[in-house]
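Here's a quick briefing to read alongside the sequence and the 3D view. Keep the viewer open and click along as you go.

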Amino acid sequence: APSLPPRLAARPRVGDGRSDALTPRLLNAALHLMDERFRIFKVMLPKQMRMLTQQCGINFGHIRGYGVEKYFVQHLHTSARWRTSDVAGAWLYYVPVVPCAARWEHKTPALSKEENYERAKKFVKQYVKRAVEAVRMAVPDGFFERNAWRDFFWVSSQDRGAEFAELAEVAFKENAAVLVNTASEHMHFRPCQDVSTVCSVNFDLPPIADRLLERADPWLVSRRTRVRGGADWNKGGADKEEPWHVDKPDSEGFVRSGSYRFEPADPPLRPRHRLAFFAGNLDSNPLRKRMYTQFDRGPPAERRVLLVSGRMEDKQYRQAMAHSTFCLHIAGHQVWSPRLMEYLWFGCVPVIIADGYHLPLAHLLDWSAFSIKICERDASNVEAILEALPAPRVDELRKAVLRVRHHFMYFANPKFGDAFHMTLLQLFIYALHLRHGDPNDVAPCDVTADQCKSLD
């Protein structure tokens, strides 16, 4: 029977910052094991539903996180590595719905935003219900009773998360795993079953971030993580230890990655002139307004903590992230935002001020090594908290961000160890425990969401 490496089989819970996070070597081994063993059956939906998926793009305006649904539909359809046509031999079953596309395709300009949302929500719920009925037709009898839908999964990157399964049959709604951006205890996220997605599909920003990072610290060029290119890059040899490769090989046959490695003798990264930065819609959460009022003093160029109301021009936004040591992830309408991923790409240490957020990949990576968590009630003290951090600790956090940033990137063609692979790895671990563990305890639980409450 397929087996996990011992430490992975021990079901590590790394979201609370404990020391049992997966080491890079163990993570690499788990990714290779997944490549060898994991198989997914993609359910074929009716033609009309497939056409809806084909009509939408990866990006929905400036909301990069909505493209996660379409990305999974595309790459689980084209990937021969994990997809199987053998229903009986599959580990998990993918229901390829795209609730975001359905919602956006049914907007009416004559209606208000609220009326459009209610109208679209009704349609999307019916859309998901029809998809579940199609699954009943596609999969032989007995599969549903075997695990009561627990070996099915779907993706819903809309703000309402799994709410769109409301009209589907109860067994599907309660037991099928769902990949969501809204990984919040307030949105019925089930940390032992559901997956918090890496919520930004953007192919253009990471290369820009690379250039800005290496302009500030030119010696980082020598610390790029590289692996020998070519068709056999992931097959045996010493290069197999390196879980990363992007773009085209250079003249030496290597390809550059989105991450960096460091040696003990490496110098500290060059200091950034601003302590902390945030830009976003202040009306989406009273907490944002309070913080903006608190730090709205003095000329913007001289502020140690800069909060900007609304969207910035793209170049200014990128420069602000690249010139700030910390970037504030403040809860809005929901706990998630594509900004969190962008902070990591630009080497800006995230400061997460969003109670109840189950962070992406928290089962695999120790977020306490490359971010700061501050409870919402302590948000007014953010400047004092950050200023009190010792310089070596800050440099440690910044370098840790650069080590893991590639795990939070999607690419037009998926790369080993990227956000797509890491998300599938979480599903693979879920499937392994479903097959070989306690069926009522099939996945690790992330406990970060309860930390703020325990301080009361």
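What follows is a short tour, from the whole chain down to single residues. Keep in mind that this is a predicted model.

**The chain as a whole**

- The protein chain has 15 helices and 12 strands.
- Of its 456 residues, 57% are buried.
- Take the contacts between residues at least 6 apart in sequence: 73% of them join residues at least 24 apart.

**Helix α15 and its partners**

- Start with helix α2 (residues 24–37) and α15, whose axes come within 10 Å and cross at roughly 75°. An angle from 65 to 115 degrees counts as roughly perpendicular, so that is the label for α2 and α15.
- On the α2 side, the residues that meet α15 are L27, A30, L31, L33, M34, D35 and R37. On the α15 side, they are H421, M422, L424, L425 and F428.
- Sorted by class, this contact of α2 with α15 has nine nonpolar, one polar and two charged residues.
- Now look at helix α4 (residues 68–78), which packs against helix α15 (residues 419–436) at an angle of about 85°, with the axes 12 Å apart. That angle makes α4 roughly perpendicular to α15.
- Y71, F72, H75 and L76 of α4 make this contact with F420, T423 and L424 of α15.
- By class, the contact of α4 with α15 has five nonpolar, two polar and no charged residues.

**How covered is α4?**

- Helix α4 is mostly covered, as eight of its 11 residues are buried.
- Which ones are the buried residues of α4? They are V68, E69, K70, Y71, F72, V73, H75 and L76.

**A cavity to find**

- How many cavities of 30 Å³ or more does a search of the whole structure find? The search turns up two.
- Rolling a probe the size of a water molecule over the atoms shows where empty space is left.
- The second largest cavity has a volume of about 30 Å³.
- Its lining is made up of G161, A162, V178, V180, T182, M187, H188, F189 and D194.
- By class, the lining of the second largest cavity has five nonpolar residues, three polar and one charged.

**Two residues with positive phi**

- W149 isn't a glycine, yet it has a positive phi of about 75°. You'll find W149 in the loop between α7 (143–147) and β3 (152–156).
- Is W149 buried or exposed? Buried means under 20% relative accessible area, and W149 has 1%, so W149 is buried.
- L361 is a residue other than glycine with a positive phi, near 60°. L361 sits in the loop between β11 (349–353) and β12 (372–373).
- With a relative accessible area of 0%, L361 is buried.

- D395 is part of helix α14 (residues 391–404). Its relative accessibility is 14%, so D395 counts as buried.
- If you leave aside neighbours within four places in sequence, D395 is in contact with P268 and L269.
- R119 belongs to helix α6 (residues 113–138). Its relative accessible area is 39%, so R119 is partly exposed.
- R119 and T108 are 11 residues apart in sequence, and their C-alpha atoms are 9.2 Å apart in space.

Definitions and conventions
Residues are numbered from 1 along each chain as its sequence is written. This is a predicted model: local features need pLDDT of at least 70, side-chain atom pairs count only at pLDDT 80 or more; totals for chains, interfaces and linings use all residues. Side-chain values use heavy atoms; hydrogens and water are left out. On a 1 Å grid over the protein atoms alone, a cavity is a set of points where a 1.4 Å probe fits but cannot get out, and a pocket is an open set with protein on both sides within 12 Å along at least five of seven lines; lining residues have an atom within 4 Å of a point. Grid points are joined across faces, edges and corners, and a volume is the space filled by probe spheres set on the points. Ala, Val, Leu, Ile, Met, Phe, Trp, Tyr, Cys and Pro count as nonpolar, Asp, Glu, Lys and Arg as charged, and the others, Gly among them, as polar. Axes are lines fitted to C-alpha atoms, for helices over the stretch in contact, and angles run from 0 to 180 degrees between N-to-C directions. Helices (H or I, at least four residues) and strands (E, at least two) are DSSP runs, numbered from the N terminus. Angles under 35 degrees count as roughly parallel, over 145 as roughly antiparallel, 65 to 115 as roughly perpendicular and the rest as oblique. Contact means heavy atoms within 4.5 Å. Buried means under 20% relative accessible area, exposed over 50%, partly exposed in between (1.4 Å probe, protein chains only).
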